[in-house]
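Me: I'd like to go through this structure with you piece by piece. Could you take my questions as they come?

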Amino acid sequence: MKIARLAAAMFGSTKSESVPEDKLLLSLLALAWVVEARDPYTGGHLWRVSRFASLLARRVGLSEEETWTVSIGGFLHDLGKIAVPDAVLRKTDRLTDEEYAIIQTHPEVGRALIADHPLGSMVMDAVYSHHERPDGKGYPQGLTKEAIPRASAIIGICDAFDAMTSNRPYRKGMPVEKALSIINVNLGVQFDDEFGQAFLQLGNSRDLHHIVGHSDEGIPLQHCRGCGPTIVIRRGAALDTPIFCPACGTGYEFKGFSVEPEPSGKVANARNLRMPPDTDLIAGVIRRTHDAV
């Protein structure tokens, strides 16, 4: 289904020719991907949050349009981090209070970025309110309970779960079961009770396990043996393709998605570390959401 027809259905428009097409959505998701690529420890985060959110939206019975919005919003939720300095975004130690305050500006920045975008209203809740909490201690507005948009509540759970189960410079990712137990303890406080309960059901059915630790369908994340950051391998990579750690530049040879890459003895140059948007992955996200609705 074309974005034009879907958006027309969502907004009641009969003039599909006036509605943005796939290329407009592709450009927006590509921008979000570039933001993620700046952080060597969050490879695949947007894809995983999008997949978790899509599963959860279906589990709780959201409409086709809301499921689409949640899935796309999950990929776009951190768009505002484009304004966070590298010194904060790429820091390998815990953030200070001042640095955390900088991170907390990203929902406002994301809101400003998409405010005038033709697709902005569809995903505004996901971008602006995914850090709100039922107890009112979230940001940027301090919303409580039912005041938090459903898309925001769903993406907030998925975002937190992925953060807990992913490696960071200062800690290893925790097991799925431990992350689920933390969500369970914080139902109605940090996480929406209804959506949190449904997410726990997804975890108990093992629906989440083929997404955790992956950067795309069936593609596990790899990690630099020297300094630890994630190494994302694209679906179209050929055997023996040279790949490099985005942080220290250590080179590896790709031997297949199920095989840990072997050090190549090479060190990346500036050209090796360029990371243009993975348009195949982004197109896959768009295609999957189209297929779903």
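Me: Where does Thr 230 lie?
Reply: In this model, which is predicted, Thr 230 belongs to strand 4, a strand covering residues 230–231.

Me: And is Thr 230 buried or exposed?
Reply: Thr 230 has a relative accessible area of 7%, and because buried means under 20%, this residue counts as buried.

Me: Which backbone atoms does the Thr 230 side chain reach?
Reply: The Thr 230 side chain comes to 2.9 Å from the backbone oxygen of Pro 40, and a polar atom of that side chain is 3.4 Å from the backbone nitrogen of Gly 43.

Me: What else is Thr 230 in contact with?
Reply: Setting aside neighbours within four places in sequence, the residues in contact with Thr 230 include Tyr 41, Thr 42, Leu 221, Gln 222, His 223 and Pro 246.

Me: Switching to the strands, how does strand 5 run relative to strand 6?
Reply: Strand 5 (residues 242–244) and strand 6 (residues 250–253) run antiparallel and are joined by three bridges, with Phe 244 standing opposite Gly 251.

Me: What's in the turn of that hairpin?
Reply: Five residues separate the two strands of the hairpin, and Gly 249 in the turn has a positive phi of about 80°.

Me: Which strand does strand 6 also pair with?
Reply: Strand 6 pairs with strand 7 (residues 262–267) over three bridges in the antiparallel sense, and there Tyr 252 faces Pro 263.

Methods: Residues are numbered from 1 along each chain as its sequence is written. This is a predicted model: local features need pLDDT of at least 70, side-chain atom pairs count only at pLDDT 80 or more; totals for chains, interfaces and linings use all residues. Side-chain values use heavy atoms; hydrogens and water are left out. Two strands pair if DSSP finds at least two bridges between them. Helices (H or I, at least four residues) and strands (E, at least two) are DSSP runs, numbered from the N terminus. Buried means under 20% relative accessible area, exposed over 50%, partly exposed in between (1.4 Å probe, protein chains only). A polar contact is a pair of N or O atoms within 3.5 Å; within protein, one must be able to donate a hydrogen and the other to accept it, and residues adjacent in sequence count only if both atoms are side-chain atoms. Contact means heavy atoms within 4.5 Å.
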